[in-house]
Amino acid sequence: MNQSTFKILENRNLAEKVFFMRLEGDTSTVTAPGQFVNIRIDGLYLRRPISVCDKDEKTIAIIYKTVGKGTLAMSLMQEGDELDILTGLGNGYDLSKAGERPVLLGGGAGVPPMFFLTKELIKLGKEVTVILGFNTESEVFFEEEFNQLGTETIVTTVDGSYGRKGFVTDALADMGYSFYYACGPEPMLRSVYKTGTTDGQLSFERRMGCGFGACMGCTCKTITGYKRICKEGPVMNREEIIWED
């Protein structure tokens with residue numbers, strides 16, 4: 001984990017209440033797709049945990065949705081503004097499990113880490129399919145960016161206003177694949193867990209207190225006991241998860 005100052009290079013609207021931000025700073029501790037950063041917002045007590053969408057030697061990119069005071073404040077920030085950010089948080093996806101034809105499933109706010117993961121899998125020569133799930137057409141983002149990576153990209157919307165009507169699991173049921181990676185709201189992850197025909201890894205979204213394992217405020221029940229989403233997660237192996245009602 002590293003705490004440092006990042007400078008905003010870009011902050012723009014992508015879709016309904018969805019924004020893209022690129023920041024310049026020390027990215028050395030961002031080492032795996034699926035990790036997240038924790039952003040300090042002036043005047044607010046808790047930092048905001050947000051998945052890394054992309055990175056290079058000098059910058060990281062994040063995508064966030066305005067759902068409260070913190071993310072609304074972020075959407076109003078300008079190029080040149082600075083943010084205090086904790087980086088290198090959480091354990092990311094294990095690329096060695098991918099096999100030759102992995103499928104990646106992102107639902108809503110779970111889409112961004114799939115972009116970083118796709119780039120890394122392509123570097124390894126994998127044949128990647130991406131399924132992006134949204135409620136409606138106005139929420140769709142990053143389809144073209146995935147297409148530009150050379151992946152097969154399938155978009156689903158619950159209301160059928162764009163792409164394929166239904167959920168990401170409806171598209172998943174129709175294909176063959178070697179392994180799956182998923183990120184999204186818990187109902188989606190539960191459905192992927194039930195639908196998937198191979199082993200997989202799921203990244204959980206939870207409210208967090210500290211973001212680095214000190215407060216035990218975010219946990220997931222597993223076959224070896226409770227694990228902290230921010231520390232031992234957010235990525236969990238399919239076979240270790242115990243779902244609680």
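## Strand pairing

Two strands pair if DSSP finds at least two bridges between them. Strands (E, at least two residues) are DSSP runs, numbered from the N terminus. The model is predicted: local features need pLDDT of at least 70, side-chain atom pairs count only at pLDDT 80 or more, and totals for chains, interfaces and linings use all residues. Residues are numbered from 1 along each chain as its sequence is written, and side-chain values use heavy atoms, with hydrogens and water left out.

Strand S2 (residues 18-24) pairs with S5 in the antiparallel sense over seven bridges, and glutamate 24 stands opposite threonine 59 in S5. Strand S4 (residues 48-55) is also antiparallel to S5, over three bridges. Here aspartate 54 stands opposite alanine 61. Three residues lie between S4 and S5, which form a hairpin.

## Burial of S5

In strand S5 (residues 59-65), six of the seven residues are buried (under 20% relative accessible area, with a 1.4 Å probe and protein chains only).

## Aromatic rings

Rings of Phe, Tyr and Trp (its six-membered ring) pair if their centres lie within 6.5 Å; planes under 30 degrees apart count as stacked, over 60 as edge-to-face and the rest as tilted. The count comes to 12 aromatic pairs. Phenylalanine 19 and tyrosine 64 are stacked, because their ring centres are 5.7 Å apart and their planes are at 15°. This pair links strand S2 to strand S5, 45 residues apart. Tyrosine 64 is buried, with a relative accessible area of 3%.

The rings of phenylalanine 141 and phenylalanine 142 have centres 6.4 Å apart and planes at 65°, so they are edge-to-face.

Definitions and conventions
Buried means under 20% relative accessible area, exposed over 50%, partly exposed in between (1.4 Å probe, protein chains only). Helices (H or I, at least four residues) and strands (E, at least two) are DSSP runs, numbered from the N terminus.
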